[in-house]
Every structure is written in structure tokens, then in C-alpha cells.
There are 2 protein chains.
Amino acid sequence: MNKEEQLKLSSQVCFPIYSVSRLLTKAYKPYLDRMGITYPQYLVLLVLWENDSVTVNEITSKLYLNTNTVSPLLKRMEAAHLIERKRSKSDERSVLIELTLKGKELKTIASEVPDKLLQVLLTTNVQLPDIMTLKETLEEWIEVLSEQKNKENK
Amino acid sequence: MNKEEQLKLSSQVCFPIYSVSRLLTKAYKPYLDRMGITYPQYLVLLVLWENDSVTVNEITSKLYLNTNTVSPLLKRMEAAHLIERKRSKSDERSVLIELTLKGKELKTIASEVPDKLLQVLLTTNVQLPDIMTLKETLEEWIEVLSEQKNKENK
DNA sequence: TACTTTTGTATCGTGCACGACACAAATTAC
DNA sequence: GTAATTTGTGTCGTGCACGATACAAAAGTA
């Protein structure tokens, strides 16, 4: 395949990733709407359902997002009474994020969601083992791409 | 795997897709910056390098984007003198998008980009055949997920 | 101790992304 | 041939996503 052919939309590898990402967020929407949250907010909740008290920094590194994305996002979640923000006593620069009762309760409703999405994806020829392989591939790429970014900073 | 376990961040399938999508856009950035365009604008150019004259509608359906995303995007591209917009004579509702000379010339510079990105992705254990498989999986999902959306509209 | 650097978080500006809605041109129905 | 509907594009408001930048707290250094 020459360079001319690589420039065809159908040859691009990144394009389907970009499209599926957006379409998946859209597929999540009806379920998340019922909970009054967005997809990035759902990701923050996933982190918080696993860890009682995390700093902003921990959230950004787990989700590979910048603080300037997460900060306003957390503000909206605080305004929606899903989380609380308090300064760490050990390090006054850090902000600790904790779930409110309302935020904790959403976990029960949310537990129904991943399986429903999985069922949609399985209506194709793609089966569970294929999905696991795909996930591993993507996780390798996350490793490379998130390091790539660090290189340029240094 | 029970529902509790599915709610772990590490168990989510959509999350790596979401992350890789964003990280790839970021990896494209230095190359696209040199051309003075963004990743979604690059996608529009890919369509236009293949087709001399397309309507807004054709762009939205090829990229799975809404008109209310593409319209302002095209306006910015027109302001940057990359494209021209003219009303179709056969159907006064349609707007035809065509490349300017500047827009056509970018194709040469752009032809170097996809391969560079591919090289980054190949620094992992993931090899070209794996990427092709991944691409096919994602394209199947695009089919299902973009139909899913149409279902709800009807 | 005073100075410099690093770290953790946040604000600002720009560009998507999309739901809700608007509106005119074209098509269809009666 | 006029009214109702569909189609193609666009505006508006909200929420990310991120580069550039700011700033205070903490850590390191002379």
C-alpha cells in the first residue's frame, strides 16, 4: 500500500477507533441520562466506587485525562451532589474526592449497564474472546501513547 | 465475572477505546499542527481528497458526525481558506464543499503522516495483521452502533 | 534562612460533539 | 394547487478535551 492509498478514509486505522469511541459514548447515553451523569463522569465514578478517597491527581492518571479537564468535571459533579471535595490535611495542595451517599447509591443502578452494552456489541460476528484480544491490543497502545506524551515533556 | 466486577475500571471494554481515541488524536497533533488543522478537520480533508465535490450531508454520513458538528467545523476550514462552500444548483438546500488550491496542496504533506503513526503503534507486540483484525472488529461495531442510533429515531 | 524548582490544582480560550430546535427548499398528499 | 411532511443545513446551549498559563504549597538547594 503506497502513501496515496494510505490517505483513503477506508485505510485509516485511527478513524474507526475515533468513530467507535463516539458511538459508544452515544450508546451509553440513554442509561447514563437516567442517572443524570455523562460518560466521563461515569468513568470518575468507576474510580471512586473502587477507592474511597482519591486525589484529583490519581483520577487524572487513572483516566489519562488532564487536570484542566477533570477539575471542572468534578465541580459539576459536586454541584450535582455526587461527590465532595476537601483539602488533604497531609498535603494542602491536594484535593481529596469522596462520594456522597447519592454517589454511592448510583453504583447499584450502574451495575446493570456494562452488560447491556456488551450485548449490543455481541450482536455482531465479534465474540467475547475477540473483545478480550482487542482490549489487550488497546491497552498496549495506551502504554506506548501515554509514554509518548511524557517523552515530549522531558 | 459478576456485575460488581464488571464495574471495575480495568474490566471496562469501552474505556480503552475512549482513551486510545484521545491519545491518538494527541499523537496526530504535532503533525497536524504543522498543517494548521485539527484531527476532525483532517478527516474532512481525507473525504475531500477522494471526492472533488461533496455535500455537507455526504461528509456527515461518511464520518458518522452530526451536521451541527460539521457545519461550524467547515466554517472554520473556510475561514482558513482550505475549502469553499457553494449552494448546489440542482438542490438549493444542499451546500457543496470543494477544496481550494491550498487544501489540495496539503495532501502532499499529509501523505507522510499515517505511516509515522503506524510506526509508533508497531513499537508494541501488536503487529500489522493484528491491526487489520482490530480494524475489522471496530468496523462491525460501527455498523451496529450507527444503526442502533437510527432505530431510536424511528 | 532565602532562593529555586517541583508539584497539585485551577482558570482561560479554542475546538469539537451533540441534543434541541429553527427554517427554508423540496417532496408528498389530498 | 395548497397544505402537510420530509430533507438539508444551520444556530444555540452544555459538556468535554487540551494547550497555555497562573499560583500557592511543598520540596530541594545553597
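Predicted model: local features only at pLDDT ≥ 70, side-chain atom pairs only at ≥ 80, totals over all residues.
Local features need pLDDT of at least 70, side-chain atom pairs count only at pLDDT 80 or more, and residues are numbered from 1 along each chain.

**Exercise 1.** Find which side chains of strand E3 (residues 95-99) of chain A are buried.

*Solution.* Begin with the terms: strands are DSSP runs of at least two residues, numbered from the N terminus, and buried means under 20% relative accessible area, with a 1.4 Å probe and protein chains only.

**Exercise 2.** Work out how strands E1 (residues 53-55) and E2 (residues 83-87) of chain A pair with E3(A).

*Solution.* Recall that two strands pair if DSSP finds at least two bridges between them. Take E1 to start with: this strand runs antiparallel to E3(A), with three bridges, and Val54(A) has Ile97(A) as its bridge partner. Then take E2: its pairing with E3(A) is also antiparallel, over five bridges, and Glu84(A) stands opposite Glu98(A).

**Exercise 3.** Find how far the side chains of Asn66(A), Arg76(A) and Arg93(A) are from oxygens of DNA strand D.

*Solution.* For Asn66(A), the distance to a phosphate oxygen is 3.4 Å. For Arg76(A), a sugar or linking oxygen is 2.5 Å away. For Arg93(A), a sugar or linking oxygen lies at 3.5 Å.

Methods:
Chains lettered and ligands numbered in written order. Heavy atoms only, no water. Buried < 20%, exposed > 50% of the residue type's maximum accessible area, 1.4 Å probe, protein only. Helix = DSSP H or I, 4+ residues; strand = E, 2+ residues; numbered from the N terminus. Polar contact = N/O pair within 3.5 Å; in protein donor to acceptor, adjacent residues only side chain to side chain.
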